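Please read it beside the sequence and the coordinates.

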Amino acid sequence: MNLEHLNALKQLLSTPRKIAIIPHKNPDGDAIGSTLALWHYAINKGHNASIVSPNDAPKFLKWMPGADKILNFEKQNTQAKSCIGAADVIFTLDFNHLGRVGQMSELLEESSATFVMVDHHQEPSDYAKIMYSDVTMSSTCEMVYHLIGLLGDVNQITKEMANCIYTGIMTDTGSFKFAATTSNTHRVVADLMDRGAEGTEIHHRIYDTNSPSRLHLLGCALKNMVILEEYHTAYITLSQEELDKYNYQKGDTEGFVNYGLTLDGINFAVIFIENKEEGILKISFRSVGDFSVNDFARKHFNGGGHTNAAGGKSEDSIEDTIKYFTSLLPQYQNQLQS
Ligand SMILES: [Mn+2]
């Protein structure tokens, strides 16, 4: 974070503020972890702070300290609206385009609050007056840790905050294995453990929460996996019918896409998930090495993200989307080999 922005933030927070903290739609561990950590920090510093999420958080994140206080824009609409309307400071965490909050974006665009962006995705838009944007960071949670440090308050990181931050770093790094995991990330995590973060317990609470139907859905996904050896690519499809058959619950397909990358020689993994209600396929892209799924998703599937993890969508049928997808691969054959 550059000094000018840091000083502006220090100045901004030097008196008690009405703060709204916003994660992206369909919040993940990093979005919820970072907003909760910042929320605890803001409350402890005497600010009037609330978290407003565009929609509900998945069940496996609800144990996090403070999660029960998060306002759900879809379910607590009036409260959420007045909270955003009254805010003089709005933090947006783990996203960098207002479109990522869905229906809530209009409210944010109308707001005259000072916006603060904390985010590690590529190509930030310019809605925020104060920006902490760093694509080399493992997670927004790691950035919140550094932000609190930059504000001179690292010693005010409580056990609750440490647990929240640890969770987001752990989930966004695939348990400390993705390329963005640096020695600094580990130093942050070590410090969080010194401050009370319960690594083993968090791991258990996040990852050991399968329902039988989710494991059966995973079985279906793995059975559907298609391996294109010459393109070092593996993709999975899940139709709405299959999701229904296995009693799909929100969040159930989280992480499925990564299984493709566990295959020897596979550098590019994709999952296409049908959503009949929205009339689209949601697509997740993962890669290892230099092949940028961010570029791929931006160029062909109306999405984006990071070099090795991105999302996108298609309004065509599964069959047509797969046809289109596989027709794109030959032009990337060289890049996919490394
Ligand atoms: Mn993140």
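The model is predicted: local features need pLDDT of at least 70, side-chain atom pairs count only at pLDDT 80 or more, and totals for chains, interfaces and linings use all residues. Residue numbers start from 1 along each chain as its sequence is written.

**Domains**

The protein is split into domain 1 (3-207) and domain 2 (212-337), with bounds that come from an automatic or database domain assignment. Between the C-alpha centres of domain 1 and domain 2 the distance is 28 Å. In the interface, 8 residues of domain 1 are in contact with 8 residues of domain 2, where contact means that C-beta atoms, placed from the backbone, lie within 7 Å. On the domain 1 side that touches domain 2, the residues divide into 4 nonpolar, 3 polar and 1 charged. In this classification Ala, Val, Leu, Ile, Met, Phe, Trp, Tyr, Cys and Pro count as nonpolar, Asp, Glu, Lys and Arg as charged, and the others, Gly among them, as polar.

**Helix pairs**

Two packed helices are described by the angle between their axes and the distance between the axes. Helices (H or I, at least four residues) and strands (E, at least two) are DSSP runs, numbered from the N terminus. Axes are lines fitted to C-alpha atoms, for helices over the stretch in contact, and angles run from 0 to 180 degrees between N-to-C directions.

| Helix pair | Axes come within | Crossing angle |
|---|---|---|
| H2 (residues 29-44) and H5 (residues 140-150) | 8 Å | roughly 20° |
| H6 (residues 159-172) and H8 (residues 199-207) | 10 Å | roughly 60° |

The axes of H2 and H5 cross at roughly 20°, which makes H2 roughly parallel to H5. Angles under 35 degrees count as roughly parallel, over 145 as roughly antiparallel, 65 to 115 as roughly perpendicular and the rest as oblique. The H2 and H5 crossing is right-handed; a crossing has this hand if the near helix is turned clockwise from the far one by less than a right angle, and is left-handed if anticlockwise. From H2, Asp30, Gly33, Ser34, Ala37, Leu38 and Tyr41 meet Thr140, Cys141, Val144 and Ile148 of H5. By class, this contact of H2 with H5 has 6 nonpolar, 3 polar and 1 charged residues.

H6 and H8 cross at roughly 60° and are therefore oblique to each other. H6 passes H8 in a right-handed crossing. Asn163, Tyr166, Thr167, Met170 and Thr171 of H6 make the contact with Gly199, Ile202, His203 and Ile206 of H8. The contact of H6 with H8 divides into 4 nonpolar, 5 polar and no charged residues.

**Single residues**

Thr185 is part of helix H7 (residues 183-194). With 21 other C-beta atoms within 10 Å, Thr185 is buried; the cut-offs are 20 or more for buried, 12 or fewer for exposed, and partly exposed in between. Neighbours within four places in sequence aside, Thr185 is in contact with Ser138, Glu142, Ile169 and Thr173. Thr185 and Met143 are 42 residues apart in sequence and 9.9 Å apart in space, C-alpha to C-alpha.

Asn247 is not a glycine, yet has a positive phi of about 55°. Asn247 sits in the loop between helix H10 (240-245) and strand S9 (268-275), and is partly exposed, with 13 other C-beta atoms within 10 Å.

Asn302, not a glycine either, has a positive phi of about 55°. The loop that holds Asn302 runs between helix H11 (293-300) and strand S11 (304-305). Asn302 is partly exposed, having 14 C-beta neighbours inside 10 Å.

Note on methods:
Two residues are in contact if their C-beta atoms, placed from the backbone, lie within 7 Å.
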